[in-house]
Amino acid sequence: MQFGRSYEEFEVGATYKHWPGKTVTEFDDHMFCLLTMNHHPLHLDTNYAEETTQFGKNVVVGNYVYSILLGMSVPDISGKAIANLEIESLRHVAPTFHGDTLYGETTVLDKWESKSKDDRGVVHVETIGYNQDGKVVCIFRRKVMVPKDSYLTERGGEQPGRPVPQPDKNWPGPDSAAKTD
């Protein structure tokens with residue numbers, strides 16, 4: 001399974017559909033609100049939401065929606081990133097509710113080589129998130145610094161930093177499995 005892309009693998013105009021979706025539970029939303037100290041009753045108080053808002057029910061906090069979509073995009077977009085440089089824009093265009101399932105896809109808008117280092121480049125992408133009905137709920141654009149193939153080769157290839165399992169008394173090594181069969 002691919003995890004991120006090198007600069008050379010991005011094509012302007014390409015769209016990556018992130019899979020799987022994520023169903024947002026009330027627990028998820030409440031935990032995120034509490035962890036981030038966002039105690040707005042629109043997200044936490046069912047009575048408040050039912051009695052005083054246009055939605056008539058709790059709305060999932062927007063930063064959680066964004067975080068889910070950003071996380072969904074990592075295997076396709078930034079799994080090999082050197083740095084997330086900028087969130088250019090972030091728009092919540094429709095509410096997300098408890099029980100909605102979010103899906104996302106990202107389109108490559110542009111890319112360019114780094115001016116200061118020849119082993120990396122920048123990709124400019126737009127991610128849209130939508131619910132189970134196809135209703136777009138969130139749109140954001142960001143710029144991500146990604147490595148070129150040369151950067152990855154210098155640092156160990158596809159999985160840099162991955163250790164090699166060491167034989168010991170509990171596991172004698174890969175050759176031992178062949179001997180016991």
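1. Rings of Phe, Tyr and Trp (its six-membered ring) count as a pair if their centres lie within 6.5 Å; planes under 30 degrees apart are stacked, over 60 edge-to-face, and the rest tilted. The model is predicted: local features need pLDDT of at least 70, side-chain atom pairs count only at pLDDT 80 or more, and totals for chains, interfaces and linings use all residues. Numbering runs from 1 along each chain as its sequence is written, and side-chain values use heavy atoms, without hydrogens and water.

2. The ring rule gives 6 aromatic pairs. One of them is Phe32 with Tyr64, tilted, at 5.0 Å centre to centre and 35 degrees between the planes. Phe32 belongs to helix α1 (residues 26-35) and Tyr64 to helix α4 (residues 62-78), so this pair ties together parts 32 residues apart in sequence. Helices (H or I, at least four residues) and strands (E, at least two) are DSSP runs, numbered from the N terminus. Phe32 and Tyr64 are both buried (under 20% relative accessible area; exposed is over 50%, partly exposed in between; 1.4 Å probe, protein chains only).

3. Phe55 and Phe97 are edge-to-face, because their planes stand at 65 degrees, with ring centres 6.1 Å apart. Phe55 is in the loop between α3 (46-52) and α4, Phe97 in the loop between β2 (83-92) and β3 (101-113), so parts 42 residues apart in sequence are tied together. Phe55 is partly exposed at 32% relative accessibility, whereas Phe97 is buried at 14%.

4. Trp19, Tyr103 and Tyr130 are linked into a cluster by ring pairs.

5. Lys57 lies over the face of Phe97, 4.4 Å from the ring centre (NZ of Lys or CZ of Arg within 6 Å of the ring centre and within 35 degrees of the ring normal). Arg155 lies over the face of Tyr151, at 3.6 Å from the ring centre.
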